[in-house]
Amino acid sequence: STDFEKSLLRFRDGCRVTSQSLPVIYAAIGKAYLGSRDSLRTRTKWTADHQQLLNAVAEDPIATIKEWSAADEPWTFLQLCFEWHSVVTLKAEKFWKVPVEVDATASGLQLLSAMRRDPVGMKYVNLLPPESEADDPQDAYMQVLRVAEQMAAKSADHTHLLPYLKYRAVGKPVVMTAIYGATHWSFTQKIKEALLKAGDCPDQPTLNALAKLIYKASRKVFPAAFETLDWLTKLGEHAHKQGADCFRWNTPTGDTVHLVAYGCDTTKVQTAFNGTVSFGQWNTGKPDKREQLKSFTPSFVHSYDAAVLKESFTDWNAPLSVIHDCVLVLPSDMDKALDRLREGFVSVTSGDPLAALADDLGVAAAKLERLDQGEQSLDSVYQSKYMFN
């Protein structure tokens with residue numbers, strides 16, 4: 001969902017602003033303005049230092065548009081300013097009703113790193129506790145860019161890419177979407193959009209080189225996760241070789257997923273005004289194994305995203321909204337929600353989910369060797385501070 005759409009959400013039932021919920025509100029406002037890369041202490045301090053700005057924005061958003069539009073999530077920040085002014089400053093409303101949010105740090109990488117018990121991958125997606133209370137969250141995208149920078153500096157063919165590796169938005173689309181099967185073309189388009197926005201966009205050959213370099217760096221930072229992606233493709237191929245027309249697996253929350261893709265019979269007609277138009281039978285009932293394989297990995301990862309939320313909130317009886325891996329609750333419920341997310345995540349990734357997937361697809365270990373798990377304990381997730389933040 002877009003920032004603007006999220007900013008329209010409002011719960012019917014609210015909560016009182018207490019000494020326990022106020023720090024959550026401070027952190028939420030600071031996050032909306034600064035983004036999620038800074039520590040909770042930094043976000044909280046920003047709000048404490050800018051209360052006059054919050055009230056000014058709420059009183060006259062048109063006159064202060066330059067200030068609030070500079071926020072990381074401007075519409076959410078504006079919404080929080082209105083609520084702050086009404087509930088905390090003027091006390092015109094008794095209850096705080098605007099949801100505050102937490103997002104998973106690269107949820108696909110979190111899940112695969114945890115399934116593999118990979119200490120390196122788990123570190124960079126905040127599944128381990130920070131070394132000190134004041135530490136900033138780990139930033140997977142910037143870590144990949146740092147590694148890409150090291151790689152570029154060692155190669156005369158890549159030194160011209162160094163100026164573009166300072167932009168976080170250049171690393172994010174590759175790291176975030178590679179786990180869901182995004183293509184090289186998609187990488188280059190997203191990188192192009194980011195650099196156009198920064199006013200520093202190079203030619204197409206440079207964009208291609210950037211995408212390739214960042215992808216290689218991603219595999220270097222998260223070797224276990226990308227090894228898992230390769231293994232999942234092989235698993236799907238083996239299932240097809242054994243005659244499977246669809247992929248079917250069970251999630252830890254007791255749901256069964258049927259992944260089916262059908263081919264289509266179409267005819268293309270060249271028209272004078274509308275160009276090439278395709279028409280015909282779009283659902284033939286004939287399995288399209290190529291499309292099934294293409295969508296297998298992202299579908300598996302997303303099924304576990306959903307399982308984490310289901311495991312965490314099935315019996316939740318307070319206001320709640322979810323958008324993929326973003327959870328929105330009232331400030332008074334945030335600590336409880338984070339505890340539930342940690343517990344739900346550990347529950348869902350316990351055991352060996354990848355081996356269970358292969359068993360569900362009927363591919364024996366003799367046909368495809370199971371992936372090893374590392375020595376990192378999932379217990380670290382219980383102490384993680386920024387898994388969702």
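**Stop 1: salt bridges**

Select Asp13, which counts as partly exposed at 39% relative accessibility (buried is under 20% relative accessible area, exposed is over 50% and partly exposed is in between, with a 1.4 Å probe and protein chains only). Arg12 and Asp13 form a salt bridge, with 2.8 Å between the closest N and O atoms; the term stands for a side-chain nitrogen of Lys or Arg within 4 Å of a carboxyl oxygen of Asp or Glu.

Before going on, note that this is a predicted model, in which local features need pLDDT of at least 70 and side-chain atom pairs count only at pLDDT 80 or more, while totals for chains, interfaces and linings use all residues. Residues are numbered from 1 along each chain as its sequence is written, and side-chain values use heavy atoms, with hydrogens and water left out.

The whole structure has 17 salt bridges. Go next to Lys45 and Asp49, whose side chains meet in one of 2.7 Å, N to O. Lys45 and Asp49 are four residues apart in helix α3, so about one helical turn separates them. Helices (H or I, at least four residues) and strands (E, at least two) are DSSP runs, numbered from the N terminus.

Now select Arg219 and Asp230, which form a salt bridge of 2.6 Å, N to O. Arg219 belongs to helix α12 (residues 204-221) and Asp230 to helix α13 (residues 223-241), so the bridge ties together parts 11 residues apart in sequence. Asp230 is partly exposed at 35%, and Arg219 is partly exposed at 27%. To see a network joined through shared partners, select Lys6, Lys31, Glu73, Glu101 and Asp103.

**Stop 2: aromatic rings**

The count here is 13 aromatic pairs. Rings of Phe, Tyr and Trp (its six-membered ring) pair if their centres lie within 6.5 Å; planes under 30 degrees apart are stacked, over 60 edge-to-face and the rest tilted. Select Trp46 and Phe77, an edge-to-face pair with 5.9 Å from centre to centre and 70° between the planes. Trp46 is in helix α3 (residues 40-49) and Phe77 in helix α6 (residues 74-89), 31 residues apart. Are these two residues, Trp46 and Phe77, buried or exposed? Both Trp46 and Phe77 are buried.

Then select Phe247, Trp249, Phe296, Phe300 and Tyr304, a cluster linked by ring pairs.

**Stop 3: the largest pocket**

Select Asp72, Tyr141, Arg168, Lys172 and Met176, which are the closest to the centre of the largest pocket among its 45 lining residues. The volume of this pocket is about 1700 Å³. On a 1 Å grid over the protein atoms alone, a pocket is an open set of points with protein on both sides within 12 Å along at least five of seven lines, a cavity is a set where a 1.4 Å probe fits but cannot get out, and lining residues have an atom within 4 Å of a point. Points are joined across faces, edges and corners, and a volume is the space filled by probe spheres set on them.

Colour α10 next: with eight residues, α10 gives the most to the pocket lining.

**Stop 4: the largest cavity**

There are three cavities of 30 Å³ or more. The largest cavity holds about 120 Å³ of space. Select Thr76, Leu80, Pro99, Val100 and Glu101, the closest to its centre of the 15 lining residues.
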